Amino acid sequence: MTPVREAKASGPAPRPGPAGGTVPAPPRVVSGRVVRTRSGSVSVLFRGRTVAVTAALLAALVAVVGVTLTTGDFDLTVGEVLETLTGNGSGIADFVVNTLRMPRLLTALFVGAALAVSGAILQSITGNPLGSPDIIGFTNGSAVGALVVIVMLHGSMTQIALGALIGGLATALAVHLLMLGRGIQGFRLVVVGIGVSALLLAVNSYLITRATFQEALEAQAWLIGSLGNRLWTHANAIGLAVAVLLPLAFLLSRRLSMVEMGDTTAMALGVDVTRTRTVLLVISVALAAFATAVTGPIWFIALAAPQVARKLARSSGPALLQSALMGAVMLALSDLAVQRLFAPALLPVGTATGCVGGLYLIWLLVTESRKSRA
């Protein structure tokens, strides 16, 4: 990878054209440094602000990880944690770090990143800040699949996760069929998704009424969204899903940016708009479904994290990497807050994200209303 040029922020002024007219100036180029491979097949634009925001999010991530692993009912020093991670810690430290804290922490990081990227893709595809899996209905679809397993099939934790995954994918298929022949258009996708979400919420309520008292308690606890009692099996499952799906989303981020410009512009640039939207939609649904399968529905991370990351980076594109880091930090920090601030009460992390996310949604709706009036 070698730097080839540094783009300037301002473009040249309009120049005289034939017949006394003027030729419009080229579009302004975003300042930054372009890095490409020797063959020129791959190039990346590095912007100063984007790099700074990414570095700040990484620093925040390291800080949250450090506080999570060192504090709690059994405090540890950073040195003790590092010794434990390298296999040289004491027995009690090994149990606290590798059995109690690390699986829960990794699950939070992976789920937060998955939900944030899922929301970033949907918001970019729909061109709507309300385009997120919990608003459109994919999360409720996963919840229906899990409740069917809990209430009707009395399945194990693995079967509940599989049911949630099937439910999310089935919901996406249903939304696609309802829009068949009309294309995946932003506003229509949001409206259809909200209708499907309301229907699935009613199905969830019906399933709980059909359950026994113990099943209803178990189902309601799962529906809140929690990171409690998460083991290495949960962390490994969502980690594998993220390792497969996030690189695919990053590879398609350039096409996603072109789709944001509009169908006509994207097709003129050689992008198969319908195919790109469909593939990205499948990736988004799969990320949300895997995340919900592991922890239950955790609301508003997919809605808020991508928008906060994009505003901080002032990115003209979807900012998938920054969204992933922001989602990981937000969920891990929320889980840390419910563990430390409300101890010894064991509150699910969904209560924290729901409260903060609800306030954010109110602010977002008020802001969008003012923009529409203007």
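**From a helix end to a pocket**

A: Leu-178 is exposed, at a relative accessible area of 51% (exposed is over 50%, buried under 20%, partly exposed in between, with a 1.4 Å probe and protein chains only). The model is predicted, so local features need pLDDT of at least 70 and side-chain atom pairs pLDDT 80 or more, while totals for chains, interfaces and linings use all residues. Residues are numbered from 1 along each chain as its sequence is written, and side-chain values use heavy atoms, with hydrogens and water left out.

Leu-178 belongs to helix H6, residues 157–178 (helices are DSSP runs of H or I with at least four residues, strands runs of E with at least two, numbered from the N terminus). Setting aside neighbours within four places in sequence, Leu-178 contacts Val-192 and Val-196 (a contact is heavy atoms within 4.5 Å). Val-192 is 14 residues from Leu-178 along the chain, and their C-alpha atoms are separated by 7.7 Å.

The chain around this site has 374 residues, of which 45% count as buried. Its secondary structure comprises 15 helices and 5 strands. Of the contacts between residues at least 6 apart in sequence, 72% join residues at least 24 apart.

Two threonines give a view of buried helix positions. Thr-70 is in helix H1, residues 48–70, and is buried at a relative accessible area of 13%. The side chain of Thr-70 comes to 2.7 Å from the backbone oxygen of Gly-66. Beyond four places in sequence, Thr-70 touches Asp-75, Leu-76, Thr-77, Val-78, Val-81 and Arg-101. One of these, Val-81, is 11 residues away from Thr-70 in sequence, with 7.0 Å between the two C-alpha atoms.

Thr-84 sits in helix H2, residues 78–85, and is also buried, with a relative accessible area of 3%. A polar atom of the Thr-84 side chain lies 2.8 Å from the backbone oxygen of Glu-80. Contacts of Thr-84, not counting residues up to four places away, are with Gly-89, Ala-93, Asp-94, Val-97 and Asn-98.

Helix H12 covers residues 273–295, which makes 23 residues. From first C-alpha to last, H12 reaches 33 Å, close to the expected 33 Å at 1.5 Å a residue (the expected span is 1.5 Å times one less than the number of residues). Because 17 of its 23 residues are buried, H12 is largely enclosed by the rest of the structure. Ser-284 lies in H12 and counts as buried at 0% relative accessibility. Away from its neighbours within four places in sequence, Ser-284 is in contact with Ser-118, Ile-121 and Leu-122. After H12 comes Gly-296, with a positive phi near 85°.

Asn-229 has a phi of about 60° and is placed in the loop between helix H8 (213–224) and helix H9 (232–251). Asn-229 is exposed, with 72% relative accessible area. Arg-314 has a phi near 50° and lies in the loop between helix H13 (301–313) and H14. At 59% relative accessibility, Arg-314 is exposed.

The second largest pocket holds about 800 Å³ of space. A pocket here is an open set of points on a 1 Å grid over the protein atoms alone, with protein on both sides within 12 Å along at least five of seven lines, whereas a cavity is a set where a 1.4 Å probe fits but cannot get out; lining residues have an atom within 4 Å of a point. Points are joined across faces, edges and corners, and the volume is the space filled by probe spheres set on them.

The lining of the second largest pocket has 25 residues, and Asp-73, Arg-104, Gln-339, Arg-340 and Leu-346 are those nearest its centre. Helix H3 (91–126) and helix H14 (320–340) are the elements giving two or more residues to this lining. H3 gives the most, with 5 residues. By class, the lining of this pocket splits into 12 nonpolar, 8 polar and 5 charged residues (nonpolar is Ala, Val, Leu, Ile, Met, Phe, Trp, Tyr, Cys and Pro; charged is Asp, Glu, Lys and Arg; polar is the others, Gly among them).

Technical notes:
Polar contact = N/O pair within 3.5 Å; in protein donor to acceptor, adjacent residues only side chain to side chain.
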